[in-house]
Amino acid sequence: MNHVVDLNHLVEVLESLSKGNVLGTTSNLKVYEKSFTEHENVKLLMVKDVDQRWLLAAGEGALYDELQGKNVKDTGKACPLSHENRLVLNRYFDYTVPQAFGTEIATMGLGDRLGLASPGHIDTIENHKVKPVLAQQSIRELDLTNRTMHDILDAATYAVFQEGYKGGYGADGDHIKEEKDIEYALSLGYSMLTLDCSEQIPNRIESASAEEVQAEFNQLSQEKRDYFNSEYLNKSFDVNGLAISYDETAVRKNVLLYGEALDYMEHVYTTYLANADKAIDFEVSIDETETVTSPDAHFFVANELKRRGVSVTSLAPRFCGEFQKGIDYIGDMEQFEKELSEHAQIAEHFGYKLSIHSGSDKFSVFPIIGKYTKGLLHVKTAGTNWLEAVRVIADTNPDLYRRMHTYALEHFDEALKYYHITPDLDSIDPLDLKPDNELPSYMDHDAARQLIHVTYGVLLTAKDNSGNYLFKDEFFQTLNENEEVYREALKKHIGRHAELLGL
């Protein structure tokens, strides 16, 4: 431990802790009273000094001995929020371990890219009928922020401990494509796996001619062609009153679009999940493609999964219209409602939850989604938490925001390699026209939101010629100084998501 703790205040808190008392905030230490807990003869409490959080331990026993930290006189131990100490908490306190939730309750993937948002998320969901998946970052997001799967589990565990939250939380290996990443996530104790099958879904099929589709279908084995024709061709299925049927073109297209993906889903399920030693929520994602998932395609995939004995907790279709990052739904609302209602019927028929990806800020369609899913769904958010953090920066550290905004504009094209968005950057007011007190309004402008949304990786990893971060250190310092402001912003913003979804 290189950090120097204010020993006088620490001793004061530890002495109080050893007597079973919890102090309020001192001049140099903030005490998280909800974190206070006892295990046998050990008392634990989380505090924060001007720079970071600490886990304080007083007493004696195995838990005390296993925690790594610095002895403070004879009063106890100050322990950093390290990965090793997180594992100790997981061993002694079940509520700090991620869990699966199954199909009987709504879940929300909250995607804390910064490691600071989960306390606000916990505050938000405690009054709603939804369970939080606190640890959720895709491999792409981890790479762009230089974080690891360990990091996001550590942050989630400490947030749960800090808030004294015992309602259960999940950890999602989000949008995983490769088996090595699946194995790794499960080895770390992740409780949910979102399998991204976009690389097994060929976009060319949707625009191919009938002759091309027929030629490619004919290249499949006779056994496969006979099976799919016998099961689907000119057949009609009643799905909770919704009639789904398949002509020759529909059969061929669905087989060519989803055949390889189905094989991969089955392989992953049977190899890693069917005989896992604990419950794992399994989500299949067919949304990260250019091909809209029609209701008959959704039924085809779900029916084939059932036939193969693959049990899924949730499925994410590619909806009509556009679910672009950080802004509301773009598209025909009547068409969306019709197709969403059909997708929800199919999900209900097969007994899994419909999953809404890029679900941040889709306020206009949330009431529709809540209505037809009957409040039983999974919804993924992530970037909107980052945007609320940036709103706090704009409000409390305007100079930092101005520098970040300028840098984002200069490096916008780099971010477009990873995200599909269509903002009109010319519609964003120039910075020199905005006084400091109006800077937060950029986070209410669609194009500015998307600009900042997709450049998070660029902004958080940018360095000067000496190797120092341009923004990251000051960014985190500002958020830490305004912890409660960020918490309230998240409660308001994520709370709006939950309320409009009917949760």
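## Basis

The model is predicted: local features need pLDDT of at least 70, side-chain atom pairs count only at pLDDT 80 or more, and totals for chains, interfaces and linings use all residues. Residues are numbered from 1 along each chain as its sequence is written, and side-chain values use heavy atoms, with hydrogens and water left out.

## Annotated binding site

An unreviewed UniProt entry marks His175, Lys325 and His357 as "binding site". Such annotations may be inferred rather than shown by experiment; positions follow the numbering used here, and feature names are shortened. His175, Lys325 and His357 also belong to the lining of the largest cavity. A cavity is a set of points, on a 1 Å grid over the protein atoms alone, where a 1.4 Å probe fits but cannot get out; lining residues have an atom within 4 Å of a point.

His175 sits in strand S8 (residues 170–176). Strands (E, at least two residues) and helices (H or I, at least four) are DSSP runs numbered from the N terminus. His175 is buried at 13% relative accessibility. Buried means under 20% relative accessible area, exposed over 50%, partly exposed in between (1.4 Å probe, protein chains only). Beyond four places in sequence, the contacts of His175 include Asp196, Asp287, Glu288 and His357. Contact means heavy atoms within 4.5 Å. Lys325 lies in the loop between strand S13 (314–316) and helix H13 (333–350). Its contacts, counted beyond four places, include Arg140, Ser358 and His453.

## Thr291

Thr291 lies in the loop between strand S12 (281–285) and helix H12 (295–307). Thr291 is buried, at 2% relative accessible area. Its side chain makes a polar contact of 3.4 Å with that of Asn203. A polar contact pairs N or O atoms within 3.5 Å; within protein, one must be able to donate a hydrogen and the other to accept it, and residues adjacent in sequence count only if both atoms are side-chain atoms.

## Salt bridges

The whole structure holds 34 salt bridges. Each is a side-chain nitrogen of Lys or Arg within 4 Å of a carboxyl oxygen of Asp or Glu. Asp154 and Arg86 pair at 2.6 Å, N to O. Asp154 is in helix H6 (residues 149–163) and Arg86 in helix H3, so this pair ties together parts 68 residues apart in sequence. Asp154 is buried at 10%, and Arg86 is buried at 3%.

Lys224 and Asp263 meet at 3.9 Å, N to O. Lys224 is in helix H10 (residues 222–232) and Asp263 in helix H11 (residues 248–273), so the pair joins parts 39 residues apart in sequence. Lys224 is partly exposed at 39%, and Asp263 is partly exposed at 34%.

Conventions: 1 Å grid on protein atoms, 1.4 Å probe; cavity = no way out; pocket = protein on both sides within 12 Å on 5 of 7 lines; lining within 4 Å.
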